[in-house]
2 protein chains.
Amino acid sequence: MRKKYLMTPGPTPIPPEVLLEMAKPILHHRTPQYQAIFKEVNEGLKYVFQTSNDIVTLASSGTGAMEASIVNLLSKGDKAIVIRGGKFGERFAEICSAYGVEVIPIDIPEGNAPQAPIVRDTLAKNPKAKALYVNLCETSSGSVYDIKSIAEITKKTSTVLVVDAISGLGADDIQTDNWGVDIVVSGSQKGLMMPPGLAFLAISQKAWKAMESSTLPKYYFDLKKAKKALDKTDTPFTPAVSLVIGLREALRMIKEETAEKMFARHKKLADATRESVKALGLELFSKSPSNAVTAVKVPAGIDGEKLVKNLRDVHGVTIAGGQDELKGKIFRVAHLGFMEKFDVITAISAIEIGLKELGYKFELGSGVKVAEKMLAEG
Amino acid sequence: MRKKYLMTPGPTPIPPEVLLEMAKPILHHRTPQYQAIFKEVNEGLKYVFQTSNDIVTLASSGTGAMEASIVNLLSKGDKAIVIRGGKFGERFAEICSAYGVEVIPIDIPEGNAPQAPIVRDTLAKNPKAKALYVNLCETSSGSVYDIKSIAEITKKTSTVLVVDAISGLGADDIQTDNWGVDIVVSGSQKGLMMPPGLAFLAISQKAWKAMESSTLPKYYFDLKKAKKALDKTDTPFTPAVSLVIGLREALRMIKEETAEKMFARHKKLADATRESVKALGLELFSKSPSNAVTAVKVPAGIDGEKLVKNLRDVHGVTIAGGQDELKGKIFRVAHLGFMEKFDVITAISAIEIGLKELGYKFELGSGVKVAEKMLAEG
């Protein structure tokens with residue numbers, strides 16, 4: 001008997017309604033019954049992505065959609081600007097390099113957000129850069145980037161703006177059409193409250209046009225083929241049927257809440273998390289904290305890896321540690337997807353209990369007190 | 001109120017035990033809890049694939065694993081022999097072409113199986129062909145190929161034998177290690193009784209060695225990266241967690257039945273299906289019928305597409321029609337995965353009812369009678 005609490009930036013908890021929907025007998029995908037579901041999913045995704053653009057759904061992790069955004073836009077030897085502020089900015093650069101695309105990096109220290117001037121300068125110096133790759137939320141440092149300002153710059157150019165909103169979608173606002181984002185990439189296991197296994201690309205007319213000249217090889221991730229099938233509410237290859245069925249239910253829940261309230265809820269949970277950890281004397285890692293996940297510096301003298309391990313194995317609460325160079329230096333607690341105030345209370349309470357066990361000095365309950373104050377209403 | 005019966009060669013019906021396993025709260029994938037599940041899944045897959053080789057699990061459709069078997073083995077300009085006897089042999093050729101690999105086709109009429117002499121001759125004429133691509137079961141025509149004989153030929157050469165066992169695995173025997181098959185590709189939604197969304201590659205030492213010189217670009221489907229992670233019971237990218245958890249349960253069920261009995265069951269169901277449709281005066285499409293799916297010629301004067309549609313929309317029984325040029329000319333009924341004798345009885349009964357409605361002349365019950373005779377024992 002041990003209740004489990006999942007507080008990681010993906011996978012995130014799945015609503016029981018969604019789990020039960022996926023537990024129904026499976027359908028064949030080339031039937032009117034499935035087509036009707038897929039059609040509703042496509043409409044629901046447009047609502048969440050805030051776009052009227054086509055949205056392609058792939059059976060893959062988010063990384064597959066990141067790769068699709070590169071192999072369909074670019075050709076060998078092309079230049080692409082990549083904003084690298086952590087593991088997932090770096091991933092765009094790695095994929096580009098794997099395909100012989102020249103990366104023009106904009107490197108920013110982890111936990112920082114890129115500023116408009118450097119983006120503008122880099123674009124001005126590299127007018128031939130076919131695309132600019134950037135994250136909405138750099139999950140590795142819990143940082144949100146100002147996509148609106150970056151889109152202001154790119155939309156006056158021929159450069160295609162590609163935003164990885166895998167962990168940000170639903171938590172950090174991204175107004176695809178209003179801001180003029182050409183490709184928005186996302187995945188199922190974050191704000192969409194689903195298991196991993198689906199990835200998405202919302203694709204503008206400017207992006208479709210740019211794809212016409214791309215010569216990088218592709219097959220499974222060929223978006224033109226996907227678009228042709230999508231026009232007939234179909235997919236070129238067998239879709240992940242049960243996940244698409246679950247997604248319909250998750251999207252219905254989001255629509256019922258409304259996108260506006262979903263963003264407000266995430267902001268409120270994020271604000272409360274930040275203020276609560278600060279009340280414990282801890283410091284936020286990011287200077288531009290995301291509403292999806294809060295990264296916190298491990299205080300001096302405390303073993304950060306042990307904190308994460310104890311919370312998971314002794315107390316049943318799974319939060320995330322730092323990755324790569326940030327291992328042991330930060331911990332990350334998500335307030336993403338199917339989350340409400342008592343999830344934040346649980347997370348802060350768990351952090352307090354875990355820190356106390358490791359000898360960190362503070363008054364027990366002082367974080368939860370702040371969270372309660374901030375979350376009591378609504 | 002309408003009970004639904006799924007009789008297609010993928011997705012196939014999912015056991016309720018597996019559906020309920022996937023309906024449990026989700027886990028994070030970088031935890032000892034998930035690692036233990038993934039380890040058990042890897043062992044279970046080796047049992048079904050009849051191999052001690054590494055098995056890489058991808059979050060994608062089967063086509064993703066087909067692509068992985070090409071982009072990891074070959075380089076631009078390489079030659080590959082592809083046996084084309086239908087839609088899925090053709091798919092290997094399409095992927096090769098997309099990546100600039102020269103295809104040496106062995107074309108066989110749909111519904112036939114490739115014979116050893118032509119494979120031997122083609123290999124002898126093309127000793128530099130790096131790989132030979134072939135299906136175990138060509139799902140589009142319901143044909144099983146003699147992989148054992150083909151492996152006899154390839155294993156004396158440096159050519160790597162890649163077998164697509166996506167629809168065949170579990171139904172048509174494939175003895176990976178005994179026969180010397182270098183790469184076996186499969187997917188989750190067929191004999192493994194799972195939803196679509198997972199793909200697999202069982203990879204021999206000969207294949208790993210051949211991969212060392214491959215220069216085709218890849219990232220998401222990079223098998224060397226997957227192998228490095230697999231050695232630590234991990235994956236390079238977020239796995240399709242809920243599907244892997246379901247697969248553990250499905251593999252446990254297979255192990256409990258034993259592989260031997262699973263193959264015998266599929267053979268018995270396939271034999272009964274074939275004899276029953278013949279008793280209705282119908283003709284099998286394939287000269288080398290698979291134990292996964294039976295393709296049947298639509299009799300003269302009967303609208304094959306209408307038959308499939310009526311069975312699905314009026315009677316709740318989903319079988320598959322023909323694809324591409326075979327549309328309307330054949331129908332295909334699967335006896336694959338979570339299937340036993342009364343599923344075949346239901347399928348034959350549905351075909352009888354559907355054919356009678358469309359005016360086909362035969363004695364009602366004459367197919368089911370044969371099926372009962374053949375299936376009564378065991």
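Tutor: Let's begin with a definition: a residue is buried if 20 or more other C-beta atoms lie within 10 Å of its own, exposed if 12 or fewer, and partly exposed in between, with C-beta atoms placed from the backbone. This is a predicted model, in which local features need pLDDT of at least 70, side-chain atom pairs count only at pLDDT 80 or more, and totals for chains, interfaces and linings use all residues. Residues are numbered from 1 along each chain as its sequence is written, while chains are lettered from A and ligands numbered from 1 in the order in which they are written.

Student: What makes Asp324(A) exposed?

Tutor: Its count is 10 C-beta neighbours inside 10 Å, and 12 or fewer means exposed. Asp324(A) sits in the loop between strand E13 (320–321) and E14 of chain A.

Student: Which kind of peptide bond runs from Gly10(A) to Pro11(A)?

Tutor: A cis one, with omega near -5°. Pro11(A) is in the loop between strand E1 (5–6) and helix H1 (16–22) of chain A. In chain B, the bond from Gly10(B) to Pro11(B) is cis, with omega near -5°.

Student: How do you know whether Arg332(A) is buried or exposed?

Tutor: Arg332(A) has 26 C-beta neighbours inside 10 Å, and 20 or more means buried. This residue lies in strand E14 (residues 330–334) of chain A. Its contacts (C-beta atoms, placed from the backbone, within 7 Å) beyond four places in sequence include Pro9(A), Gly142(A) and Ile319(A). An unreviewed UniProt entry annotates Arg332(A) as "binding site"; such annotations may be inferred rather than shown by experiment, feature names are shortened, and positions use the numbering here.

Student: Why is H3(B) called oblique to H4(B)?

Tutor: The axes of helix H3 (residues 62–71) and helix H4 (residues 87–98) of chain B come within 10 Å and cross at roughly 50°. That makes H3(B) oblique to H4(B), because angles under 35 degrees count as roughly parallel, over 145 as roughly antiparallel, 65 to 115 as roughly perpendicular and the rest as oblique. Axes are lines fitted to C-alpha atoms, for helices over the stretch in contact, and angles run from 0 to 180 degrees between N-to-C directions.

Student: Which residues make the contact of H3(B) with H4(B)?

Tutor: Thr63(B), Met66(B), Glu67(B) and Ile70(B) come from H3(B), and Arg91(B), Phe92(B), Ile95(B) and Cys96(B) from H4(B). They divide into five nonpolar, one polar and two charged. Here Ala, Val, Leu, Ile, Met, Phe, Trp, Tyr, Cys and Pro count as nonpolar, Asp, Glu, Lys and Arg as charged, and the others, Gly among them, as polar.

Conventions:
Helix = DSSP H or I, 4+ residues; strand = E, 2+ residues; numbered from the N terminus. Contact = placed C-beta atoms within 7 Å.
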